[in-house]
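User: I'm new to reading protein structures. Could you take me through one part of this one up close, the place where two chains come together?

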Amino acid sequence: MPSLEEISKSVHDLLTTALPPVMALLTGFLIAGLLVIGLFTVLGLVLVFMERKVSAYMQIRVGPNRVGFKGTAQTLADTLKLVLKEGLTPSGSDKFLFNLAPFLVLITSMLLMAPIPFARNFQMWDLNIGVLYITAISSISVIGILMAGWSSNNKYSLLGAMRSGAQIVSYELSAGMAILTVVVLSGSLKISDIILSQQNGWWIFKGHIPVIISFVIFIIAVTAETNRAPFDMAEAESELTAGFHTEYSGMKFALFFLAEYVNIFIVCAIGAVLFLGGWMPFHIGSWGAFNRVMDYIPSSVWFMSKTFFLIFVIMWFRWTFPRLRIDQLLNLEWKYLLPISLFNLLLVTLVAIMGWYF
Amino acid sequence: MNFQYSGMPNVQSPSDYLPILIQFFVAAGFVVLVMAATHLLGPKRKSKIKLETFECGIESRDNARIPISIKYFLVAILFVLFDVEVIFMYPWAVNFKELGITGILEMLVFMVLLLTGFFYIIRKGALKWA
């Protein structure tokens, strides 16, 4: 079976021989863009289905099992239904901002797809400040959420958006710090360099306790950043109806929903890249035979299984912890996570200077 | 500032950011397509009551843009301060090996100054929600 790297290389060669250079470049970009859209929709469908199945089994029920083979077409049917629904814009709303908000949220999460390495040498855009780019772009989505909440002219929406804004910007700090610990250890902001630095062991194993601490902080922070339970203050369906997207209906709502699930995928992919070695196979020191068997598994499978494992963990959280109140949530971040991650960063610097990692 | 890994000569020019521009337009095109499709396919039966904002089944009252707790604003201000700090740490985190102990001490001074302000804010009760 050809690897994704070989396929992309042969497509690239085909384009460069058949077309003039500028056209080849543009066609390449266009193909990449279309692939991202395809991946986007597939991810949305798969993740929503996975969420429903995971929550079903955690509550000892079966979940969707009628449409398609064992319910797999359920989300497709739901999407079809949503496309055929009326998209309302409430009369009291700010119509321009109301319709702009889904654009902003979805474009942000699509831009975040660019630097994600799906397999060995299979990355749309490997820029030298990849990690900084991810932190920078991911903070734009909060503007979309605030925009949606404010423009709806609905009390629930505004409350949800305000909470969500405060929450996302707060947890961005400790997420940024947790990312920085890996940057300190690998000495680069480039995603491919970070992955290559984990060739002889993933950072979570190599970096001792400080990296484990920052991994835990990272997972907590991204759970909050993607508005997932137990931090789903923005939606909090039992008190705020649907939070910032109460007024959105039909496909406009679906776009928010899609962006939310793709964001979960993206943050888990970043977590897998930084802490779990991205597409690097699992190796144990000098076990030659074991390592060779691990090398046989394609790199894309490694990447996807790590990412989906983290996604499963985040879904697991949802049915394990009760929702926090907004002041508890901000206390957790500002009084505990932020100081801990600051000191943890210093600790990691010490570890890196002293060379205490393997 | 040196963002490159071990001095590799891969300085990027603005044209290297072209993929992101194209990605932006592809994404925008996708959203426009979806919005147009749902606009064409979906029914359009609008009535005054249907276009009202939702409010627990009662008639919606007053403007929703009510004053919001000042704490949210305070959190936003705090975020701006601390985010700038995190941004300062990025170039340092890449280069701290070359900067050595001096760099660490300077960072320590920076963090101590910040944490002093941080404890002042906590003591002032910025995060106390009555």
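Analyst: Happy to! Keep in mind that this is a predicted model. Let's start with charge pairing: across the interface of chain A and chain B, the rule finds zero salt bridges. Polar contacts do turn up there, with five residue pairs found, both partners at pLDDT 80 or more.

Which parts of chain A take part? The elements that each give two or more residues to the side touching chain B are α2 (21-58), α3 (74-83), α4 (95-111), α5, α6 (141-151), α7 (155-186), α12 (250-275) and α15 (326-354) of chain A. Of these, α7(A) gives the most, with 19 residues. Sorted by class, that side of chain A has 55 nonpolar, 21 polar and 13 charged residues.

Now for the extent of the interface. In total, 89 residues of chain A are in contact with 66 residues of chain B. The two chains bury about 7100 Å² between them, and 75% of that lies on carbon and sulfur atoms. Within chain A, the residues that lose the most area to chain B are E86(A), K155(A) and W334(A), which together make up 10% of what that side buries.

Technical notes. Residues numbered from 1 in each chain as written. Chains lettered and ligands numbered in written order. Predicted model: local features only at pLDDT ≥ 70, side-chain atom pairs only at ≥ 80, totals over all residues. Heavy atoms only, no water. Contact = heavy atoms within 4.5 Å. Buried area = accessible area lost by both parts, 1.4 Å probe. Salt bridge = Lys/Arg side-chain N within 4 Å of Asp/Glu carboxyl O. Polar contact = N/O pair within 3.5 Å; in protein donor to acceptor, adjacent residues only side chain to side chain. Helix = DSSP H or I, 4+ residues; strand = E, 2+ residues; numbered from the N terminus. Nonpolar A, V, L, I, M, F, W, Y, C, P; charged D, E, K, R; others polar.
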